[in-house]
Amino acid sequence: MTPAARLAAAAAIIDRISAGKAPAEAVLKTWGTENRYAGSKDRRAIADQVYKVLRARGRLVWAMGGREDGRALVIGALSLIDGLSVEEIEALHSGDGYGPKPLSKQERARISATADDLPGWVAAGLPEFVIEDFKGTFGDRWAEEAAGLMVPRAPIDLRVNAAKATVEEVEAELREAGLSPERTPWSAWGLRLSAEPPPNVQALEAFKAGRIEIQDEGSQIVCWLAGVRPGMTVVDYCAGGGGKTLGLAMQGLAAGASRVEDAAAPERVWTPTGWVDPPAGAKPKAVLVARAEGRLIACDVVQKRLDNIRPRLARAGVEAELIHLGPNGGGVEDIVGMADVVFVDAPCTGSGTWRRRPEDAWRLKPEDVDRMHSLQTAILARAAKLVKPGGRLVYVTCSMLRVENEATVDAFEEDHPGFVPVAIVEALSSDAITDPGRARLGALAQGHRLRMSPASTDTDGFFAAVYERAR
């Protein structure tokens, strides 16, 4: 493909992303499948252009006079980000072949204008309506936090599965595979890979065999705050895709990899369409299961999410009970007041992951944030009923917004005086957290509350609050 044809393709893909709700990564993958003539270098160049636009979308819309179509945004990026002259941009828009049509007078005028005196929200690269929230949370550092969230590309963090391997073993295995892993600074079980070039982690034998999971270091840290120990009853109340369920399961193992045992092969096999008998004449394979001392329960209101956890549990070699919650939290009546740990990774806007999915920043609406706050408050109140006296409740979001974090736990604390705050410095006692991690995260903590962000911890944005039930 010519450079001009790549630009035309990028503009079309941006329009497709804007028109739907699918992640940009999925839209790019679909486009590649539909246009197999595009080679790997073409697809990479197009993806780079698309993400460049998505990360700077607010600035580009402003620069192009309010236009939000893919063509205008690509033209704006060529000028404002790549620094091309008007003549160079015109050369890429000759209309020849599969390239984009020539620039209009309006387009030429927009990229000829200077971009001085950008409004604050435009310069920060955030949706305008979240700026006041950021200022209220971060004060003078709000622009730095915004840049950390929207500008750099996130690394790929891995969590080593203690049920199957040590960090040293996996690190050596990844190096043999031609990668350059580094230890994560805060999580003792984490390894980090550069996103440039993006590694195909799921193709690695370490992934297929369950020795690693893809999990941001911040996500690992909030799991370690739960303080899970062998023998506990642990509830992952909003299990979602199951990533934190696996992290909680790892803590519940008595002796890491030594807990892995051969388990009898199941008489029936789980598939995405349900339980089926193995093919006639097929020899069942034994599986490895880590026998945790205790009970791990993963809950969710969407059955499909629970179904998707099953293969992840099998690959990791751990066990968990899966409970489909009713719309008002029904289905867990038999464990009310019995759980040692209830972990609430609440539904949220996901604003803490905008460095990975910048398109989501521009899909978010003010009413979405208010709706999430109401939902989080209700979910946290229901989940709290499961905690036994002396048990721990952990509230977590991957949001950067105060409305979903401090405002939600403020409401919970007012209505639930029987839950006593647990200082983050106390919750950081887990061996899964490094000494530098305890120092850094302890310094960032505000009592029983902790915020992590790309700018402060080089993780995705996370918020956590920890409580103990006194009565």
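Are helix 1 and helix 2 oblique or parallel to each other, and which residues join them? The first legend gives the answer. The model shown in every view is predicted.

**View 1. Helix 1 crosses helix 2.** Helix 1 spans residues 3-19. Its axis and that of helix 2 come within 10 Å. The two axes cross at roughly 130°. Helix 1 and helix 2 are therefore oblique to each other. The crossing of helix 1 past helix 2 is right-handed. On the helix 1 side, the contact is made by Ala9, Ile13, Arg16 and Ile17. Helix 2 brings Ala24, Val27, Leu28, Thr30, Trp31 and Glu34. By class, this contact of helix 1 with helix 2 has 7 nonpolar, 1 polar and 2 charged residues.

**View 2. Val27 in helix 2.** Val27 lies in helix 2. Is Val27 buried or exposed? Val27 is buried, with a relative accessible area of 7%; the cut-off for buried is under 20%. Leaving aside residues up to four places away in sequence, Val27 touches Ile13, Arg16, Ile17 and Ala22. Of Val27 and Gly240, the separation in sequence is 213 residues. In space, their C-alpha atoms are 22 Å apart.

**View 3. Helix 2 against helix 3.** Helix 2 covers residues 24-34 and helix 3 covers residues 40-55. Their axes come within 11 Å and cross at roughly 150°. Angles over 145 degrees count as roughly antiparallel. Helix 2 and helix 3 are therefore roughly antiparallel to each other. Their crossing is right-handed. Helix 2 makes the contact through Ala24, Glu25, Leu28, Trp31 and Gly32. Helix 3 makes it through Arg43, Ile46, Ala47, Val50, Tyr51 and Leu54. The contact of helix 2 with helix 3 counts 8 nonpolar, 1 polar and 2 charged residues.

View 4. Most peptide bonds are trans. Which residues does a cis peptide bond join here? The cis bond joins Glu196 and Pro197, with omega about -5°. Pro197 sits in the loop between strand 3 (190-193) and helix 12 (205-208).

**View 5. Helix 16 packs on helix 17.** Helix 16 runs over residues 366-384, and helix 17 over residues 406-415. Their axes are 9 Å apart, at an angle of about 40°. Helix 16 and helix 17 are therefore oblique to each other. Helix 16 passes helix 17 in a right-handed crossing. From helix 16, the contact takes His373, Gln376, Thr377, Leu380 and Ala384. From helix 17, it takes Ala407, Thr408, Ala411 and Phe412. The residues of this contact of helix 16 with helix 17 are 5 nonpolar and 4 polar, with no charged ones.

**View 6. Two sides of helix 17.** Which residues of helix 17 are buried? They are Glu406, Thr408, Val409 and Phe412. Seen down the axis of helix 17, these buried residues fall within an arc of 160°, so they line one face of the helix. An α-helix has 3.6 residues a turn, so residues three or four places apart point the same way. The buried residues of helix 17 pack against helix 16 and several strands. Those strands are strand 13 (387-397), strand 14 (419-421), strand 15 (449-452) and strand 16 (462-469). The face of helix 17 turned away from the buried side carries Glu414 and Asp415, which are exposed.

**View 7. Ala455 in helix 20.** Ala455 is found in helix 20. At 28% relative accessibility, Ala455 counts as partly exposed. Which residues does Ala455 touch, not counting those up to four places away in sequence? Ala455 touches Arg141, Glu144 and Glu145. Ala455 and Leu149 are 306 residues apart along the chain. Their C-alpha atoms are separated by 7.1 Å.

**View 8. Asp458 with a positive phi.** Most residues other than glycine have a negative phi. Asp458 is not a glycine, yet its phi is positive, at about 60°. Where is Asp458 placed? Asp458 is in the loop between helix 20 (454-457) and strand 16. Asp458 is partly exposed, with a relative accessible area of 37%.

Methods:
Residues numbered from 1 in each chain as written. Predicted model: local features only at pLDDT ≥ 70, side-chain atom pairs only at ≥ 80, totals over all residues. Heavy atoms only, no water. Axes fitted to C-alpha atoms, helices over the stretch in contact; angles between N-to-C directions. Helix = DSSP H or I, 4+ residues; strand = E, 2+ residues; numbered from the N terminus. Parallel < 35°, antiparallel > 145°, perpendicular 65-115°, else oblique. Left-handed = near helix turned anticlockwise from the far one by under 90°. Contact = heavy atoms within 4.5 Å. Nonpolar A, V, L, I, M, F, W, Y, C, P; charged D, E, K, R; others polar. Buried < 20%, exposed > 50% of the residue type's maximum accessible area, 1.4 Å probe, protein only. Arc of directions from axis to C-beta.
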